[in-house]
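Good morning, colleagues. Please take a moment to look at the sequence and the structure, as my remarks today concern salt bridges.

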Amino acid sequence: MKYPILKHQNAIGFSIFALAVCISLLMGYLWYTGVVPAWVLILVNAFLFGILHELEHDLIHFMYFKNNKFIQNYMLGWVWILRPLTLNPWFRRTLHFHHHRFSGTLHDVEERGVTNGEKWSLKRLIFTPDLVIGNLLRVTGLFRDIKREVENGNLKFETAKKIKLYGVFGLIPLTIISHIVLYLFSFDVILDFINSKFSTGIVLSETLKAIIQWSNPIIYIVLLPNLLRQFSLHFITSNLHYFGDVEKGNVVEQTQVLNVWWTYPFQIFCFFFGWTHAIHHFVVNETFYVRHIARKKAYEVMKANGVRFNDLGTFKRANRYHETTK
Ligand SMILES: [Zn+2]
Ligand SMILES: [Zn+2]
């Protein structure tokens with residue numbers, strides 16, 4: 001009632017979407033024509049794609065164009081193509097709803113896919129943004145846990161089957177292809193660096209070089225900004241959600257508010273996810289910008305009810321809510 005403009009949720013959502021998409025493409029053009037340097041392109045687009053991620057999440061919760069499937073899916077399609085390192089949003093929707101129902105459990109596939117619940121190490125750091133090789137190496141452990149949860153009666157067999165299938169199908173083909181292009185690109189950069197020091201003579205084949213050359217605009221305009229964005233988001237989200245010992249259905253134990261000063265560089269590229277995601281666990285049906293507007297008031301209520309703020313011990317406890325680690 002205080003802000004009548006918020007009644008126009010569809011228009012606001014679509015304007016933010018159109019603006020972010022257009023500016024990111026314009027930045028790409030300006031970089032391509034040599035007006036802006038690569039680092040500016042990467043930083044600006046990472047910020048804009050962070051906004052698109054918030055929009056995707058709102059769209060997953062059907063918050064814009066509830067009665068117009070076409071525009072809804074049109075927007076989802078764009079925010080997916082401009083964030084191709086992520087899971088297909090139509091598959092992610094199922095995993096995300098599962099996350100809300102079972103946050104912090106062994107079968108919270110969405111969070112486990114981004115390293116939540118693991119001991120902190122160089123391995124976790126490297127796999128934080130990586131959904132393909134990172135998940136490939138961890139998938140047997142995850143599936144084993146899911147199987148055990150079914151046997152223990154904590155998860156229905158059909159649901160288990162669905163979340164496993166969707167987790168895999170969601171990566172095909174865009175996520176896998178974009179990861180492979182990034183792996184190739186990184187490998188090429190590393191080889192070039194080594195050769196500049198020691199001239200080993202080891203280089204990529206002509207075909208692989210041609211693929212990298214051909215994908216160069218996509219790498220700089222879309223993939224590298226997304227790598228930065230995805231690392232930032234996964235780092236923040238996997239440390240603000242608790243894992244493994246969250247009391248069933250207890251929303252207070254599911255998340256914390258993570259807004260300590262040194263996380264600021266990461267927050268910029270995930271539209272300050274750490275500031276507001278905990279609010280979302282309590283009030284699901286609220287757009288991302290409303291969460292930001294109502295943040296301070298929400299914090300008062302959350303503090304009074306025992307939600308944690310900047311519990312950095314989570315880094316030592318592999319994201320367990322309680323002190324004792326498994
Ligand atoms: Zn959600
Ligand atoms: Zn969550």
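Arginine 112 counts as buried, at 17% relative accessibility, in what is a predicted model. Which residue does arginine 112 form a salt bridge with? The partner is aspartate 145, and the closest N and O atoms of the two are 2.8 Å apart. Is aspartate 145 buried or exposed? Aspartate 145 is buried, because its relative accessible area of 11% falls under the 20% cut-off.

Let me turn to a second pair. Lysine 209 forms a salt bridge with aspartate 188, with 2.9 Å between the closest N and O atoms. Here, too, distant parts of the chain are linked: lysine 209 belongs to helix H10, residues 206-240, and aspartate 188 to helix H9, residues 174-198, 21 residues apart. Aspartate 188 counts as buried at 10% relative accessibility, whereas lysine 209, at 27%, counts as partly exposed.

Lysine 297 is exposed, with a relative accessible area of 56%.

Finally, Glu56, Arg83, Arg92 and Glu110 are joined into one network by salt bridges that share partners. How many salt bridges are found in the whole structure? The search finds 14.

Technical notes
Residues numbered from 1 in each chain as written. Chains lettered and ligands numbered in written order. Predicted model: local features only at pLDDT ≥ 70, side-chain atom pairs only at ≥ 80, totals over all residues. Heavy atoms only, no water. Salt bridge = Lys/Arg side-chain N within 4 Å of Asp/Glu carboxyl O. Buried < 20%, exposed > 50% of the residue type's maximum accessible area, 1.4 Å probe, protein only. Helix = DSSP H or I, 4+ residues; strand = E, 2+ residues; numbered from the N terminus.
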